[in-house]
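Grab a pencil and work through these exercises with the model open beside you. Try each task before you read its solution.

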Amino acid sequence: MLHTDVAIVGAGPAGMALALMLAIRDCRVILLERQGEEKLSNPLDDGREIALTYKSVRLLQSLGAWQRLKSGEQSPLNSALVVDGNSPSYLDFNTRGRGPLGFIVPNNAIRRVLYEAVCENGNIQLQTNSAVIGTRCEATRRLVQLESGQDIAAALLVAADSRFSEVRRMAGIGADMRDFGRVAVLGPVRTEREHGGIARECFRYGSTLALLPMPDPYTCSAVVTISASCAEEIMGYDDEAFAAHVQTESTGALGAVEAFGRRYCYPLVAVYAHRFFAERFALVGDAAVGMHPVTAHGFNLGLAGANSLASQLHNVSRLYRSAGLSLALSRYQVQRRLESHPIYTGTNRVVDLFTDDELPAKLMRKVILRIGEHFPPVRRAIVHQLSR
Ligand SMILES: Cc1cc2nc3c(=O)[nH]c(=O)nc-3n(C[C@H](O)[C@H](O)[C@H](O)COP(=O)(O)OP(=O)(O)OC[C@H]3O[C@@H](n4cnc5c(N)ncnc54)[C@H](O)[C@@H]3O)c2cc1C
């Protein structure tokens with residue numbers, strides 16, 4: 001039996017960030033990951049370009065991860081334009097000359113720099129090819145059984161094993177799941193005109209297109225959100241057909257479009273756990289809150305959640321006092337729900353409104369965009385929230 005202060009299941013971005021935050025507070029951490037070492041040390045491109053807030057950048061800096069990004073792996077997000085249907089008006093979210101709204105970094109680069117920081121930290125023991133098959137509480141510790149037959153005893157077990165978390169279920173915590181019946185198809189495109197660091201979100205009828213600026217001024221990541229029934233068709237498009245789709249949906253805003261490289265397809269399912277903790281057990285990252293990507297909050301919330309859990313635990317001694325640990329976990333839950341629930345429900349409402357092509361919804365969208373366009377306080381509030 002291996003003994004540790006905290007065992008974390010899932011070496012995704014949230015699990016690795018939490019491991020580092022706890023290790024800095026002198027906790028001994030065992031990080032369990034189902035995938036092999038090779039996939040973690042050299043994570044392949046998965047098409048995701050992650051928009052990060054300033055708060056997330058500061059957290060990644062404090063973990064010694066941000067500094068490890070190579071030049072050309074992060075690009076500034078100067079502003080975001082939202083266009084609805086065939087409407088000529090749009091909403092422009094920008095900081096009015098006070099710097100970028102945030103930064104865009106490929107998901108595989110985030111995973112790589114966190115992995116490098118984890119490997120260099122003597123308080124973290126990473127176990128790859130390790131899957132958890134069961135867990136139970138015994139006196140003042142959590143026992144974790146691995147598929148390999150090994151057992152681990154930890155003062156706290158944390159599940160960071162994705163929105164479809166098996167360990168959340170093993171701990172008896174349910175979750176509300178919202179399957180949008182849609183998929184996001186992602187792929188890089190070259191454009192005739194420079195993107196200027198501007199993200200464009202075009203809510204057309206029947207499908208949505210986002211163009212996210214990449215480090216090259218003429219390259220964007222195109223994100224097409226469409227009914228799951230059309231997933232096969234659009235994934236079967238050749239480069240010309242995909243480029244034509246993107247060009248039509250963007251109404252030629254960046255001129256001619258050329259598609260290249262691999263495309264990826266993600267089913268869109270949002271998840272909100274019923275509770276964020278149980279006895280000597282907590283959830284972080286997508287295992288706690290799995291967001292629809294349209295508002296680009298998923299990992300930003302995951303990082304903030306990891307930070308809040310690590311701050312509540314404060315130091316190792318709290319882990320071994322049952323009453324102190326319960327109080328810390330319940331405070332963590334209150335804090336996280338207060339921040340994440342309004343964002344989760346708000347994002348789902350935006351998705352509902354902007355994917356409903358019935359006349360009342362179309363009219364409501366136009367009204368909202370007009371209010372935003374002519375009522376700057378609404379826009380400023382959203383920009384403040386994005387660029388905190
Ligand atoms: C298309 C798309 C665009 C996005 N854009 C943004 C954005 O712009 N901004 C933003 O903030 N977020 C964005 N997100 C969300 C972001 O990618 C996720 O929130 C983030 O990756 C979640 O990290 P995680 O560590 O919680 O989970 P995951 O990345 O899912 O990692 C979970 C890890 O756990 C491991 N695992 C699973 N089960 C087990 C097990 N039983 N035992 C051991 N290991 C296990 C997996 O192998 C994996 O390594 C986007 C998501 C998508 C799909």
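**Exercise 1. Find the loop that holds alanine 296, then say whether this residue is buried or exposed.**

Step 1: Alanine 296 sits in the loop that links strand 20 (289-290) to helix 8. Helices (H or I, at least four residues) and strands (E, at least two) are DSSP runs, numbered from the N terminus.

Step 2: Before going on, a word on the ground rules: residues are numbered from 1 along each chain as its sequence is written. The model is predicted, so local features need pLDDT of at least 70 and side-chain atom pairs count only at pLDDT 80 or more, while totals for chains, interfaces and linings use all residues.

Step 3: Now count neighbours. A residue is buried if 20 or more other C-beta atoms lie within 10 Å of its own, exposed if 12 or fewer, and partly exposed in between, with C-beta atoms placed from the backbone. Alanine 296 has 24 other C-beta atoms within 10 Å, so it is buried.

Step 4: Check the backbone too: alanine 296 is not a glycine, yet its phi is positive, at about 55°.

**Exercise 2. Work out whether the length of helix 8 agrees with its residue count, and how many of its residues are buried.**

Step 1: The expected span of a helix is 1.5 Å times one less than its number of residues.

Step 2: Helix 8 is mostly covered, with 15 of its 16 residues buried.

**Exercise 3. Describe the shell around the ligand: which residues come nearest, and which helix gives the largest share?**

Step 1: A residue is near a molecule or strand if its C-beta atom, placed from the backbone, lies within 6 Å of it. There are 34 residues around the ligand, and Gly10, Gly12, Ser162, Gly285 and Gly298 come nearest.

Step 2: Helix 8 supplies the largest share of the shell, four residues.

Step 3: Sort the shell by class and you get 17 nonpolar, eleven polar and six charged residues. Here Ala, Val, Leu, Ile, Met, Phe, Trp, Tyr, Cys and Pro count as nonpolar, Asp, Glu, Lys and Arg as charged, and the others, Gly among them, as polar.

Step 4: Domain 1 (2-50 + 107-177 + 271-350) and domain 2 (75-105 + 178-268 + 357-386) both give residues to the shell, so it lies between them. The domain bounds come from an automatic or database domain assignment.

**Exercise 4. Explore the largest nonpolar core: which of its residues touch the most other members?**

Step 1: A nonpolar core is a set of buried Ala, Val, Leu, Ile, Met, Phe, Trp, Tyr and Cys residues joined through C-beta atoms within 7 Å. This core has 116 residues, and Ile8, Leu18, Ala19, Ala282 and Val284 touch the most other members.

Step 2: Helix 1 (residues 13-24) gives the most to this core, namely nine residues. Both domain 1 and domain 2 contribute residues, so this core lies between them.

Step 3: Zoom in on isoleucine 8. Two residues are in contact if their C-beta atoms, placed from the backbone, lie within 7 Å. Leaving aside neighbours within four places in sequence, isoleucine 8 is in contact with Gly15, Leu18, Ala19, Val29, Leu31, Leu32, Val158 and Ala160.

**Exercise 5. Find serine 317 and say how far its C-alpha atom is from that of aspartate 5.**

Step 1: Serine 317 lies in helix 9 (residues 316-319). Serine 317 is exposed, with 10 other C-beta atoms within 10 Å.

Step 2: Serine 317 and aspartate 5 are 312 residues apart along the chain, and their C-alpha atoms are separated by 9.7 Å.
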